[in-house]
Amino acid sequence: MAGPFAEVSIFSALEKTLHYAIPSELNAGARPGARVLVPLGRRSATGLILARADCPPPDMPPEVRLKPILAVLDDAPVLTPDLIALCRWLASYYFYPVGEVLQTALPSGATNAPQVFVRLTPAGEERAETQRDEIGELLHRRGPTALAELEAACGSPRGFRQKLRELENRGLVERCHEWRCGLPGPKTVKVVRLAGEPDPGPIEHNANLKSLVALLRGADAGIPLSVVRREVRNADYWLRKLAAAGTVRVEEREEERTFRLAQALPEAPPPRLTPDQQEVFDAVSPYLASGPFQPFMLFGVTGSGKTEVYMRLVEETLKRGRGALVLVPEIGLSTQLEALFRQRFGERLAVWHSGVPEGARHDQWRDILAGRRTVVLGARSAVFMPVRDPGLIVVDEEHDPSYKQDDHLRYHARDAALVRARLLGIPVVLGSATPSLQTIHQSRLERYRPLLLPRRILDRPLPTLEIVDMRRESSRARILSHRLRTALAETLQAGDQALLFLNRRGFATCFLCGVCGAVLQCSSCSVSLTYHQREKILRCHYCGKEEAVPERCPACGHAGLFPLGFGTERVEEEVRRELPDARIVRIDRDTVSRPEDLVESLDAVRSGRANVLIGTQMVGKGHDFPDITLVGVINADTALQFPDFRAGETTVQLLMQVAGRAGRGEQPGRVILQTYNQFHYTLEAVLALDYERFCDIELQSREQLRYPPFARFLKFLVTSRSEAQTREAARRLAALCRETAERFDASGRPAAVLGPSPAPLLKLKDRYRWHVFVKAWTSRDLQDFTETVLSGARSDPALRRVQLAVDRDPMMSM
DNA sequence: AGCACGCCGACT
DNA sequence: GTCGGCGTGCTC
């Protein structure tokens, strides 16, 4: 069979890619990266061309004829070659079907399946005239009808499929597909414009008409109809009259969807770089024009001016005619950073995160694709943005756990950024005040080049840190220690601001029965319900389910229920009681549901309308509050309790991050850490503000225990609705892993298997969950091992009854 | 993922 | 006798 052919990945869970013939009329458009409509069995599907080939795949018997591509859906490719390569890499590394990786990489809607329509053939039309059957009748009356619609309209849905197929086989009906692009088109607005000189007579007689004409005279480019309607009474009537006379025209105009979350900053000249910043800039900038691939670790204390360095590097990249990609944790967006980038890059900037409305996101994606926007600032999934000729990738707060997606494709955006940079042969800057141990390790091995910003801008002093041993506090000071309460009062007295941090929202962490000791649990998850006092409701923080507080304990029937433990809502109440004059703003998922709320609350703090900020992680990152001089960490131990070998690392990173919020302005800052583990090595490191010392200790212990980065982890997650089936499948999987590991050990490539074990969160959204852990010394071994296990798992009946997810380089908790 | 095929229990 | 349950396997 003669070429050309295309290797196509269907947008679905298909493990393999499929090959199609390219009809000559589609030859020019059928380029790698373009979406296509293809036949698949007896239906059709959408997919994307990964590659072109001159001969059919070698493993294919020569007698089979490849089906032809039905249509090319894009004028120009929607994925660049580096992104196609990245998606293939991710599919293989994370053991995930390529077609579903593509769905992650493309904006929602771009991977919609084609809609199937059914219609009568000419023979069918003819027969419908004489013989009446329900389907024929319906189609005769309605014309081509969407399959689902036809089934719904059918009075007897029983046997519908079969009846339809019979008609199809007899050549009376046929299927056709219409591919509706699924992407919102450009937004259009109706615009009103003067097209001639209106008759002056009536204008003098009618005030409405007069104001209408005056309004239109003021704007040659035209005025949106909505504005005209708002400004002029009876506008529609007069517009119709003027339009009939030909003196105004109403036309449709395409408009970019706008959204503004961050405040607009006035234009300002960029500040002069400090010598430290200049040194970093000089180290990276030779790579911007033509690479080669080089990772940099930018290790800069909070307040050392990393953002300015990023912007300068991006600017330099643009000067070389190339684009740039800047990744930031989701939570830090829609705020200051965005405002700064917008101020610097204006219309060249695209912003990509969950707070951007879908329509605006599509407009920006189109703009990026067309090369109209050359700088992308975005969260995790922005790593897939099809920037034209990228010359630089920046990953800010590189250590942040939110870069790891924890469902579907469980990828790490920082690692994906590294791979993409390698594929492109460009530099990648990993920035953090507390780099991940993996990155520290790589820089010590000289695979990443370390760049340091050891000083705060203007040599502002680092904050002072103090520890309060909560075990020695009186029982009425369980939330706010004596020391923190006093410091808080002093701070407010002095007219400064304070931040109180607690990584737990709600009022009480659980409701306990004082008679039988039962804790109220979510019916769908194995966690206790959190009490929210303002709404007087119990809520599950994992599935969102809500319940009213019962009068009596559901277990023993006694009326002895009381709240236990505390969250941010309770802290707020406590502060209110202790300091009635405090102007409090609380920022957590309960008080901030939309991005606008966050902007609003942050603004209240920045403008000084509030002087106490209470919050969860949301406040920890990326926000600059110049007047905060006191930071209180209500419970510095929470992160330590997670069942994760990284718990120490996460704790230090989080606490140093929060501590960095203090004293970024003129005033020096003070940080008070309340803890029950005052001599824990993580807290000692935080107290001394000595991150590197912590890394030394932690890396040494990881090496001894053979934990990452000295080994590689992988987690199998088995889930199903049946507890017994899940347990059994996990047992089978662990056995399969052990058999495989034995074979590997025999060839001198050890892999260790741990488990099966019930997940710390045994039940989540009504699904039971079990884990099996695998540890291997090299990435290569882990790859081979997992492929072997997965192919074995496919033929195990117990495992086919459950869902099996693979999480490579997992965040181990829950 | 769909959508076939195929092989066993409750209905006209 | 058939309708339809969902296990199993394939889609270029």
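A polar side-chain atom of Lys67 lies 2.5 Å from a phosphate oxygen of DNA strand C. This is a polar contact, defined as a pair of N or O atoms within 3.5 Å; within protein, one must be able to donate a hydrogen and the other to accept it, and residues adjacent in sequence count only if both atoms are side-chain atoms. The model is predicted: local features need pLDDT of at least 70 and side-chain atom pairs pLDDT 80 or more, while totals for chains, interfaces and linings use all residues. Residues are numbered from 1 along each chain as its sequence is written, chains are lettered from A and ligands numbered from 1 in the order in which they are written, and side-chain values use heavy atoms, without hydrogens and water.

Two further contacts to DNA strand C involve the protein backbone. A backbone N or O atom of His19 is 2.7 Å from a sugar or linking oxygen of DNA strand C. A polar backbone atom of Pro39 lies 3.2 Å from a phosphate oxygen of DNA strand C. There are 14 residues around DNA strand C, and His19, Pro39, Gly41, Leu66 and Lys67 come nearest. On the DNA side, sugar and phosphate make up 61% of the atoms of DNA strand C that come within 4 Å of the protein. A residue counts as near a molecule or strand if one of its heavy atoms lies within 4 Å of it.

The surface near DNA strand C draws at least two residues each from strand 2 (18–21) and strand 3 (35–40). Strand 2 gives the largest share, three residues. By type, the surface holds seven nonpolar, two polar and five charged residues. Here Ala, Val, Leu, Ile, Met, Phe, Trp, Tyr, Cys and Pro count as nonpolar, Asp, Glu, Lys and Arg as charged, and the others, Gly among them, as polar. Helices (H or I, at least four residues) and strands (E, at least two) are DSSP runs, numbered from the N terminus.

The pairing of strands was examined next. Two strands pair if DSSP finds at least two bridges between them. Strands of a sheet pair through backbone hydrogen bonds, either parallel or antiparallel. One open sheet has three strands in the order 22-23-24, with antiparallel pairing. Its edge strands, strand 22 (530–532) and strand 24 (546–547), each pair on one side only. Strand 23 (residues 537–539) and strand 24 are joined in the antiparallel sense over two bridges. Arg539 stands opposite Glu546 in strand 24. Elsewhere, strand 31 (residues 751–764) pairs with strand 32 (residues 767–776) over eight bridges, again in the antiparallel sense. Leu754 faces Phe773 in strand 32. The hairpin of strand 31 and strand 32 has two residues between the strands, and Lys765 takes a positive phi near 50 degrees there.

Aromatic pairs number 16 in the whole structure. Rings of Phe, Tyr and Trp (its six-membered ring) pair if their centres lie within 6.5 Å; planes under 30 degrees apart count as stacked, over 60 as edge-to-face and the rest as tilted. Tyr287 and Phe296 form an edge-to-face pair, 5.3 Å centre to centre with 80 degrees between the planes. Both Tyr287 and Phe296 are buried. Buried means under 20% relative accessible area, exposed over 50%, and partly exposed in between (1.4 Å probe, protein chains only). The pair of Phe744 and Phe785 is also edge-to-face, because the ring centres are 5.7 Å apart and the planes stand at 75 degrees. Phe744 lies in helix 24 (residues 723–746) and Phe785 in helix 25 (residues 779–793), so the pair ties together parts that are 41 residues apart in sequence. Phe744 is buried at 10% relative accessible area, and Phe785 is buried at 0%. Phe299, Tyr681, Tyr691 and Phe694 form one aromatic cluster.

Other buried positions were also characterised. Pro427 lies in strand 17 (residues 427–432). Its relative accessibility is 0%, so Pro427 counts as buried. Leaving aside neighbours within four places in sequence, Pro427 is in contact (heavy atoms within 4.5 Å) with residues including Val284, Tyr287, Phe296 and Ile393. Lys404 is found in the loop between strand 16 (390–395) and helix 15 (413–424). Lys404 is buried, with a relative accessible area of 6%. A polar atom of the Lys404 side chain is 3.1 Å from the backbone oxygen of Arg410. Ala339, in helix 13 (residues 336–345), is buried at 3% relative accessibility. Its C-alpha atom is 6.4 Å from that of Leu265, 74 residues apart along the chain.
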